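Trainee: Could you show me how to read a protein–DNA model? I'd like to start with the contacts.

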2 protein chains.
Amino acid sequence: MLSFTEENYLKALLHLTMEIEDKVEAGTNELAFYLGVKPATATDMLKKLKEKKLIQYEKYGKISLSDTGRNKAVEILRKHRLWETFLYEKLEFTWDEVHEVAEQLEHIHSPKLVDKLDKFLGYPEVDPHGDCIPNAKGELKQSFKKTLSEVETGASCKMVAVKDNTAAFLQYVSQLNLGIDTPIKVVSRQAYDGSMEIMISGATINVSQKFAENILIV
Amino acid sequence: MLSFTEENYLKALLHLTMEIEDKVEAGTNELAFYLGVKPATATDMLKKLKEKKLIQYEKYGKISLSDTGRNKAVEILRKHRLWETFLYEKLEFTWDEVHEVAEQLEHIHSPKLVDKLDKFLGYPEVDPHGDCIPNAKGELKQSFKKTLSEVETGASCKMVAVKDNTAAFLQYVSQLNLGIDTPIKVVSRQAYDGSMEIMISGATINVSQKFAENILIV
DNA sequence: TAAAATTGTTAGGTTAGTCTAATTGTTATA
DNA sequence: TATAACAATTAGACTAACCTAACAATTTTA
Ligand SMILES: [Mn+2]
Ligand SMILES: [Mn+2]
Ligand SMILES: [Mn+2]
Ligand SMILES: [Mn+2]
């Protein structure tokens with residue numbers, strides 16, 4: 001049985017090696033920074049995870065998940081996203097509130113609970129942030145979606161997910177009347193700073209490039 | 001913020017000081033045994049809990065919860081029983097399966113989650129084992145119920161709760177077609193070992209004194 | 001009431017997960 | 001290619017939660 005902490009390291013590694021299309025490795029400092037611990041701490045844990053055959057790793061080398069490690073990590077991601085969906089769909093949580101609580105709930109050990117929760121929710125495919133929920137077999141539909149910042153000026157698209165899951169960002173998005181499935185039209189763009197004018201259900205608003213890079217569209 | 005372990009000590013103390021009508025104190029060995037740790041370990045924790053003003057305790061003396069400690073403990077009990085109810089009512093768990101998972105879920109920190117869960121469940125008053133669920137104000141309806149073993153021969157009663165929450169006991173009870181609200185009639189009794197013959201919906205069965213002592217009735 | 005039994009504490013160790021400071025290995029750059 | 005910058009590891013410490021073994025206090029009981 002994995003500890004709370006070990007699970008978090010595996011989940012972090014899955015995140016770091018899934019972010020960018022063909023990135024499959026992570027570094028010690030990168031991992032430590034992501035988890036908010038010191039590199040020395042991460043090194044200790046990496047030795048343990050290697051010992052348990054959950055990662056591939058050599059001293060001074062890059063880190064990648066083993067098949068077992070990846071499966072564990074995907075299982076945790078599945079739980080995380082199912083719980084987020086539960087909180088959002090059944091308990092009236094807003095999409096900026098679910099993540100924090102799901103960070104705790106994802107560590108509950110009970111295969112039956114996960115399956116029953118999945119069933120209770122009607123086998124959802126995406127969580128409140130538009131992220132894919134891995135299925136019971138541990139299959140994760142990996143899609144590298146385009147961001148709003150990549151949409152051509154004048155073109156239209158539809159928001160399908162968000163990249164940033166912080167409460168501050170999510171609240172800002174909601175405040176703009178923007179949500180999953182909202183149609184967006186890119187009206188104009190500033191070459192200077194990449195900010196853009198977008199149209200959401202009739203209203204035109206101005207958003208920064210940083211903002212646009214965190215809205216995933218189709 | 002209390003740790004997982006500190007919460008378990010407080011919960012154990014609440015249990016031990018609530019069991020019997022006017023018992024309000026517990027001993028170190030008793031506590032350690034209940035938690036499955038060594039007395040030396042419990043002593044360490046007792047010092048810490050005293051330091052945090054969660055218990056009243058003097059070296060070589062008896063232990064009791066302070067008001068703050070009791071409130072924390074009741075809050076955990078509330079979460080435990082709400083989660084058991086959720087698993088039973090919404091996720092098709094059986095009453096012998098809920099406790100184990102609730103032992104984990106009771107440590108999730110989120111006031112909003114507890115309140116929303118309570119609302120989602122329709123503000124239940126009892127859990128699947130017939131135990132009272134403390135309300136949002138932390139009020140716990142304390143009732144010292146009679147056990148089946150105390151019912152006079154020939155008299156009838158109704159099962160309202162169980163005292164033992166182990167899977168083995170609960171499965172046995174279910175197997176006997178016995179559950180919350182089932183009417184029971186005490187047919188006869190053996191003076192020798194306290195075993196009794198009881199009638200449940202027409203069928204007569206024989207149960208041990210130990211069994212009867214764990215069925216709470218009204 | 002003194003000895004025995006029971007109950008509880010202390011001392012000293014272990015492991016997991018964290019830290020800082022010092023050091024070593026790798027990569028980039030002048 | 002030598003050196004500077006960066007990335008990663010090691011050594012040594014700390015805390016929380018546990019342990020065993022030894023000891024001390026309290027309670028029981030003969
Ligand atoms: Mn999340
Ligand atoms: Mn999400
Ligand atoms: Mn329970
Ligand atoms: Mn219960």
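Mentor: Happy to. A residue is near a molecule or strand if one of its heavy atoms lies within 4 Å of it. This is a predicted model, where local features need pLDDT of at least 70, side-chain atom pairs count only at pLDDT 80 or more, and totals for chains, interfaces and linings use all residues. Residues are numbered from 1 along each chain as its sequence is written, chains are lettered from A and ligands numbered from 1 in the order in which they are written, and side-chain values use heavy atoms, with hydrogens and water left out.

Trainee: Which part of DNA strand C lies within 4 Å of the protein, sugar or phosphate, or bases?

Mentor: Of those atoms of DNA strand C, 81% belong to sugar or phosphate, and the rest belong to bases.

Trainee: Which polar side-chain atoms lie by a phosphate oxygen of DNA strand C?

Mentor: Among them are one of Ser3(A), at 2.6 Å, and one of Thr43(B), at 2.7 Å. From the backbone, a polar atom of Asn29(B) is 2.8 Å from a phosphate oxygen of DNA strand C.

Trainee: How many salt bridges cross the interface of chain B and chain A?

Mentor: A salt bridge is a side-chain nitrogen of Lys or Arg within 4 Å of a carboxyl oxygen of Asp or Glu. By that rule there are six across the interface of chain B and chain A. One of the salt bridges joins Lys116(B) and Glu92(A), with N to O at 3.1 Å.

Definitions and conventions:
A polar contact is a pair of N or O atoms within 3.5 Å; within protein, one must be able to donate a hydrogen and the other to accept it, and residues adjacent in sequence count only if both atoms are side-chain atoms.
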